[in-house]
Amino acid sequence: MSYLDWAVLVGTIAFIVLYGVWKTRKTSHMSTFLKADNTERWWMMGLSIMATQASAITFLSTPGQAFEDGMRFIQFYFGLPLAMVVLSATAIPIYYRLKVYTAYEYLEGRFDLKTRSLAAFLFLLQRGLSTGITIYAPAIILSAILGWNLTYTILFIGVVVTFYTVVGGSKAVSQTQRLQMTVMLGGMLVAAIVVVRLLPAQVGFSDALVVAGKLGKMNLVDLSFNPNDRYNLWSGLIGGFFLALSYFGTDQSQVGRYLGGETIAQSRLGLLMNGLVKVPMQFLILMVGVMVFVFYQFYQPPLYFNQQQVDKVTASAQAGEWQKLETEGTAAFTQKRAAALALVAAHQANNPEGVEKAALQAQAAEEKRKALRKEANALVNQQNVGVEVKDTDYVFLTFVTQQLPQGLIGLLLAVVLCAAMSSTASAFSSLASTTVVDVYKRSIVKNASEAHYMSASRWLTIGWGAVSILFALFASQLENLIQAVNILGSLFYGTILGVFLAAFYCKSLRGNAVFWSAVLTQGIIFTLYYTTEIAYLWYNLIGCGLVIGIAYLLQPLLPKQETLIGE
């Protein structure tokens, strides 16, 4: 990177961290540390909610997902706006009326302590593991692309975020996330404009869309119903709806963001803003990936985007095989570029027959490219026995570092690091608040002073930061990273959501039945994941339905509890 890129990158990160620390330097009360003193306006919460969800994985992996698989991932978010409406009408009033610090406090009053503790435990397990991935993801890719030491990159991200979260708690997270979200959205908008401008002079934006469409990348909506297909209209509307209900309604990393609102109305507006803006934001990020794909129809891409893995192969006994693939790749690209240019020329000449003929040639060349990449991936995997290595997460940063002008490289790297910091800070804050409120204060040290719990909150933030950093240091990349995080969430969110929906709406259910139902359901979900091909989004619906259904079956078989709060 150039000195200008370093200046942009370091200056952006340093300003955001110092701003957050300065704005929250006088944080000394539990309400401020855990709930931002209920001073957040709706637009601040909306940005904070989006920044919490938009991890570095979003900006690294989503363009790569679009590069390889097209726009169909957008269907994942189709159920989110409806979920925001439901939560605004139901969950927010309950949380505000009870004045809770965490979502799980409500469960003890409605059911019992063990149900509250189980839900908190499932959250801590899921969020603790996924936070390690949100640190690991940008670190491993930045280290591979830029040659940074992986361990030092992980430590830098983890320690910096832990520092300002310890100093200012939830309020520091909210203050920094406003700036981080501005940088993220601005950076991706700039990337979208630049990638279109880097296309050949004779290729306009509409031409690029035609090329993308003919090569299968504009697959926005799939109406077919297939429970084994991860991304279609039905999995997005139904599975995505239940996933969003659970994530935004029961996950403390999100609930903690809108519990800090000035009023119920402010929190509702913050959630609704997320529902309105999230889908267009993801559309923009996916479109950047599609435009990068179109760019590489005219300019030769690497055969494999993770250069570290390429170096492993070229230094091994398979170097000759790799060179052969490179030669075949160059020949295939020449054919593909000619077909893409012919497709653009036919489109501009309003020649439908020419468009279809060129499209068939381009599609054949694209299939050849995919076959060569598959062979390249096999050679890479031979050097990484026991670990499945994929390079789609490296596509966007490879494009950034190789094609963008000076200054913009630093800005886009700042986008990645800001995203990593924003989601990680929210996770640390929520993990600490849940541990303090739902475990430490409730079951271990019950009657200490506020100063004691403030100190415990800070030490637990440090502790969870250390746990997440350690997990990141020992993590290995198993799938496309954005899918890995969503799969991990789907394994737990259905069960947690089922517990909360039973609490909100099933007034006859009692704690014993819901507790044992949740335990059984979690076991069933794990079994389904390891023994079936069901797409992961459906686990949210299945888990939720099983918790409520099994609870109704178990209740007549279990001893009746004396009290039922909420009837």
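Predicted model: local features only at pLDDT ≥ 70, side-chain atom pairs only at ≥ 80, totals over all residues.
Let me start with the side chain of Asn232, which reaches the backbone nitrogen of Trp234 at 3.0 Å, a polar contact in the sense of a pair of N or O atoms within 3.5 Å, where, within protein, one must be able to donate a hydrogen and the other to accept it, and where residues adjacent in sequence count only if both atoms are side-chain atoms. Residues are numbered from 1 along each chain as its sequence is written, and side-chain values use heavy atoms, with hydrogens and water left out.

Asn232 lies in the loop between helix 10 (205–214) and helix 11 (233–250), where helices are DSSP runs of H or I with at least four residues, strands are runs of E with at least two, and both are numbered from the N terminus. Is Asn232 buried or exposed? Asn232 is buried, because its relative accessible area is 0%, and buried means under 20% relative accessible area, against over 50% for exposed and partly exposed in between, with a 1.4 Å probe and protein chains only. Beyond its neighbours within four places in sequence, Asn232 is in contact with Gln75, Asp222, Ser224 and Asn226, contact meaning heavy atoms within 4.5 Å.

Turning to helix 10, its buried residues are Asp207, Ala208, Val210, Val211 and Ala212, and what covers them includes helix 13 and helix 15 (319–348). The axes of helix 10 and helix 15 come within 10 Å and cross at roughly 120°, where axes are lines fitted to C-alpha atoms, for helices over the stretch in contact, and angles run from 0 to 180 degrees between N-to-C directions. That is why helix 10 is described as oblique to helix 15, given that angles under 35 degrees count as roughly parallel, over 145 as roughly antiparallel, 65 to 115 as roughly perpendicular and the rest as oblique. The residues of helix 10 that meet helix 15 include Ser206 and Lys214, and their partners include Leu343 and His347. After helix 10 comes Gly216, with a positive phi near 80°.

Helix 13 (residues 264–298) also packs against helix 17 (residues 395–403), at an angle of about 60° and with the axes 11 Å apart. In that contact, helix 13 contributes Val288, Val292, Phe295 and Tyr296.

Finally, the nonpolar core, by which I mean a set of buried Ala, Val, Leu, Ile, Met, Phe, Trp, Tyr and Cys residues joined through side-chain atoms within 4.5 Å. In the largest one, of 153 residues, Tyr95, Phe248, Val294 and Phe500 touch the most other members, and helix 13 supplies the largest share, 16 residues. A second, separate core of 11 residues includes Val310 and Leu325.

For the chain overall, there are 22 helices and zero strands, and 59% of the 567 residues count as buried.
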